Amino acid sequence: MEKSVAESGADLNVSMDKPSHEPSSCKMRRRCDCDWMSGLPDEIMVSILDKLDSKTAVSTSILSRRWRHLWRFLQSFHFSEPILPDSYCRVRIEQMVRCSNENRNQHFVESMGWFAGLKRETLLRRLYLVFSGSTECADVVNSAIASAVEHGIEEIDMAVIENTMYEFPWWLFTGGSNPSLTSLCLSFCKLSVPLKFGGFSSLTKLALIHMHMSLKETQLVLRCCRNLVTLHLIDVLAIRIMQLPKLKQLILLWSLRLGEYRIDTPALQRLEYCGEMLLASTFQSMSSLEHVSLQYMFDEYRECHAEKLENISTCFPYVRSLLLWYEIPKVVKPRTPAVFLSLKVLTLKITTKPSDDLLWMAMFLNAAPYMETLRTTIRYLSHLDSHNGVVWDDVDFQHDSLKNVEMYNFMGRDNEIGLARLLLYRAPNLRCISFNQAPLEEGDDHQLVPLTWPGAETFVPRDSQFVLSKLFENVSSSACVVFI
């Protein structure tokens with residue numbers, strides 16, 4: 001029968017050590033050979049426990065005398081009412097919650113009660129909660145958060161399932177009672193702070209995911225978070241004016257725009273955006289911007305990347321790294337202006353039909369004359385309309401700055417080999433071109449990146465020798481070729 005954390009923590013006098021008649025020297029030698037963890041310092045063992053869910057971490061107290069009290073030094077606690085799969089995604093968690101039951105609910109309530117009454121000797125760093133949002137759970141969660149505030153909590157990460165009308169207890173942070181809170185991540189719940197609320201002034205990271213908040217409520221929350229360094233807004237109403245002078249990372253996914261809005265974040269270094277087409281006037285004073293990821297979601301914008309490169313470069317004139325997601329365009333204009341004068345790294349995530357050629361992708365070499373690294377990852381879907389007649393002016397260009405090409409999800413298709421041959425031929429200073437069968441992973445926080453790509457058409461990878469024979473047929477290049 002499954003135990004709650006409260007029951008696991010109560011079994012502190014239980015020992016699994018068995019009597020042994022072995023000589024002490026043999027016993028120590030056997031212990032050193034098998035139980036290498038016992039030789040680690042307490043600090044390292046506690047850091048390992050911090051990465052486990054709290055039930056498992058507390059249950060280690062029954063292993064031996066050495067482990068009995070280690071859990072008391074935990075700085076991170078993880079409680080989940082439902083059983084989540086290992087590969088769950090933060091932005092898709094609501095679709096994975098049909099696994100909660102009454103038994104799990106009771107264990108969660110008991111564990112929360114145990115945590116709220118826990119006497120701690122060290123500060124609390126992180127509290128992670130996933131629960132159903134029921135009245136019974138909400139009451140014990142609020143008590144647990146109140147206890148965490150008293151112990152100097154630094155990070156709170158909460159996701160609500162099923163009953164998503166639960167309201168995060170902002171009133172526990174009034175009057176600057178917890179200046180130590182630096183990170184707050186909320187999913188599928190409500191947050192409605194009063195006009196002059198100042199309890200989140202110490203926050204440096206805020207993530208709002210699928211929140212039940214009005215435009216005014218979102219504006220009020222951001223207004224009291226003037227020290228934010230990282231902001232994630234996913235499937236929430238985008239505010240019309242965002243003025244955050246210290247913000248360095250901004251993720252805007254599926255944020256519904258209500259008219260034009262302006263983003264004034266002079267310290268911004270990284271932007272990831274997914275939604276409607278942006279106007280050039282949206283962004284103000286972004287001279288520090290280093291990386292931009294763009295994905296325009298709706299049908300009427302699928303071709304805008306190819307036709308509006310000049311608009312994108314006007315929005316981000318200083319960007320050094322750019323990632324573009326889109327389906328293959330129906331028409332590529334024959335002239336693409338050289339507008340990305342600061343761009344050094346370009347990543348292209350393309351969705352296309354297996355029969356379509358890829359030569360048009362070389363137009364980005366003309367658009368970014370100082371680019372040094374090109375990364376591509378292509379997904380093939382048979383149900384897409386074929387655009388094999390893409391218009392691209394294959395002028396006799398030469399790109400002298402390109403040094404590295406990385407082609408991911410590479411299976412040795414004829415169109416992939418054709419693109420690689422073109423790059424070898426037109427980039428005389430190319431040093432290395434690598435082919436990787438794995439797709440390109442992008443995103444520092446993988447829990448915030450949704451699995452939006454459905455299964456692509458299967459293709460048996462071709463032998464590397466076959467690829468090499470086709471690659472250098474009538475093409476001369478000194479570039480190193482790597483297969484991964």
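Buried means under 20% relative accessible area, exposed over 50% and partly exposed in between, with a 1.4 Å probe and protein chains only. The structure is a predicted model, in which local features need pLDDT of at least 70 and side-chain atom pairs count only at pLDDT 80 or more, while totals for chains, interfaces and linings use all residues. Residues are numbered from 1 along each chain as its sequence is written, and side-chain values use heavy atoms, with hydrogens and water left out.

## Salt bridges

Side chains of opposite charge can pair when their charged atoms come close. With a salt bridge taken as a side-chain nitrogen of Lys or Arg within 4 Å of a carboxyl oxygen of Asp or Glu, the model holds seven salt bridges. One of them joins the side chains of Arg126 and Asp157, with an N to O distance of 3.2 Å. Because Arg126 belongs to strand E2 (residues 126–131) and Asp157 to strand E3 (residues 155–160), this pair ties together parts that are 31 residues apart in sequence; helices (H or I, at least four residues) and strands (E, at least two) are DSSP runs, numbered from the N terminus. Arg126 is partly exposed at 26% relative accessibility, whereas Asp157 is buried, with a relative accessible area of 8%. Both residues also belong to a network of salt bridges that links Arg125, Arg126, Glu155 and Asp157.

Another salt bridge is formed by Arg462 and Asp414, whose closest N and O atoms are 2.6 Å apart. This pair links distant parts of the chain, 48 residues apart, since Arg462 sits in the loop between strand E17 (432–436) and helix H12 (464–471) and Asp414 in helix H11 (residues 414–426). Arg462 counts as partly exposed, at 30% relative accessibility, and Asp414 as exposed, at 56%. In the salt bridge between Glu272 and Arg270, the N to O distance is 3.1 Å, and both of these residues are buried.

## Nonpolar cores

A nonpolar core is a set of buried Ala, Val, Leu, Ile, Met, Phe, Trp, Tyr and Cys residues joined through side-chain atoms within 4.5 Å. The largest such core has 123 residues, and Leu191 and Phe200 are those with the most contacts inside it. Helix H6 (residues 135–150) gives the most to this core, with eight residues. Leaving aside neighbours within four places in sequence, Leu191 is in contact (heavy atoms within 4.5 Å) with residues including Phe168, Trp170, Phe200 and Val221. A second, separate core has five residues, among them Ile234, Ile251, Leu253 and Cys274.

## Surroundings of Leu365

Leu365 is found in helix H10 (residues 363–367) and is buried, with a relative accessible area of 2%. Not counting residues up to four places away in sequence, Leu365 touches Met371, Phe397, His399, Leu402 and Leu423. The C-alpha atoms of Leu365 and Phe340, residues that are 25 apart along the chain, are separated by 9.8 Å.

On a 1 Å grid over the protein atoms alone, a cavity is a set of points where a 1.4 Å probe fits but cannot get out, and lining residues have an atom within 4 Å of a point. There is one cavity of 30 Å³ or more, and about 40 Å³ of space lies in the largest cavity, where volume is the space filled by probe spheres set on the points, and points are joined across faces, edges and corners. Its lining consists of Thr376, Ile378, Met407, Tyr408, Asn409, Phe410 and Glu416.

Key. 1 Å grid on protein atoms, 1.4 Å probe; cavity = no way out; pocket = protein on both sides within 12 Å on 5 of 7 lines; lining within 4 Å.
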